[in-house]
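Colleague: I'd like to learn how to read a fold on screen. Could you walk me through one?

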Amino acid sequence: MTSVGDWRPRLIASDMDGTLLRSDDTVSERTRAELAHWRAERVPVVIATGRPPRWMLGIREVLGTGTAICANGAITLDLATLRVLGEHSLQPDVLRTVTGELRRRQPDTWFAVEYGDQFRHEPVYQPRWDVDAPGVAEATLPEMVAQPVAKLLARHERLSRDAFVELVAEVVDGRATVTHSSTDALAEISALGVTKATGLAEVSAAHGLGAGDVVFFGDMPNDLAAFAWVRDGGGHAVAMANAHPDVLAAATHVTDTNDADGVAKYLAQLR
């Protein structure tokens, strides 16, 4: 780990769940105030999350304006208008190949897809969130893979998370990008090469900045690509104390937990 020193970020980026958000899905007053301070200093605050655009209403109430990198880098969203600025989609041929091979290897694998503001899942797939929300509906697998999607979700109810994600990565290898951010056996699949890192690089470049200007906060394996991009470029890759062991190992710095205002505490040191 390196010391904080007198380095100051020119762009602040953060994951949401387990990082900026507390366990009750809220942002503390201390964190709100700290982010407001940096925004007043004209430092952009960017959200980088696995969440889809339809889950950005709450964070828009906190930030008001800015950019959100959603679906693990697949969608870039303007928070003020909720307008999609860019999208990198998984194509139907890849979707059919991946779902077919996974279903062959593990018949009890069930699928869902994100279409930006819409979510479709097989009838047997058990969503943990958004069960009765607008835009959420059941669909058959052939219906779901007939058009490009922002993210494919594969779930298994009996296998362990690590075993299942490893299987998905083996099947998907060279066709798409696989990550995970859940304690469940849930794999998140994006277009090949698409990660939070690619989204963060695009947004940073739009501000005329590079990795060395960025502080990024995260806690789960879907943050690892962004950690590597920031770290290797000379920025600060900051893991929460509650982070996954792989994220802690990849970090340049570690801050307090999400429930103890870890993001705000770290940023306060950089003023």
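Predicted model: local features only at pLDDT ≥ 70, side-chain atom pairs only at ≥ 80, totals over all residues.

Colleague: What is the strand order in the open sheet of six strands?

Modeller: Helices (H or I, at least four residues) and strands (E, at least two) are DSSP runs numbered from the N terminus, and two strands pair if DSSP finds at least two bridges between them. Here the order is E8-E7-E6-E9-E11-E10, with mixed pairing. Strands E8 (136–138) and E10 (176–179) sit at the edges with a single partner strand each, so one side of each has no neighbour in the sheet.

Colleague: How do E10 and E11 run, parallel or antiparallel?

Modeller: Antiparallel, with four bridges joining E10 to E11 (residues 186–191). Look for Val-178, whose bridge partner in E11 is Ile-189.

Colleague: On to helices. Which residues of H6 are buried?

Modeller: General idea first: an α-helix has 3.6 residues a turn, so residues three or four places apart point the same way. In H6 (residues 161–172), the buried ones (under 20% relative accessible area; exposed is over 50%, partly exposed in between, with a 1.4 Å probe and protein chains only) are Arg-161, Phe-164, Val-165, Leu-167, Val-168, Val-171 and Val-172. They cover an arc of only 160 degrees around the axis (taken from the directions from the helix axis to the C-beta atoms), which puts them on the same side of H6.

Colleague: What covers the buried residues of H6?

Modeller: Counting contact as heavy atoms within 4.5 Å, the cover includes helix H4 (92–105), strand E9 (151–155), E10 and E11. After H6 comes Gly-174, with a positive phi near 85 degrees.

Colleague: And which faces of strand E12 are covered?

Modeller: In a regular strand the side chains alternate between the two faces of the sheet. In E12 (residues 214–218), five of its five residues are buried: Val-214, Phe-216 and Gly-218 on one side, Val-215 and Phe-217 on the other.

Methods: Residues numbered from 1 in each chain as written. Heavy atoms only, no water. Expected span 1.5 Å × (residues − 1).
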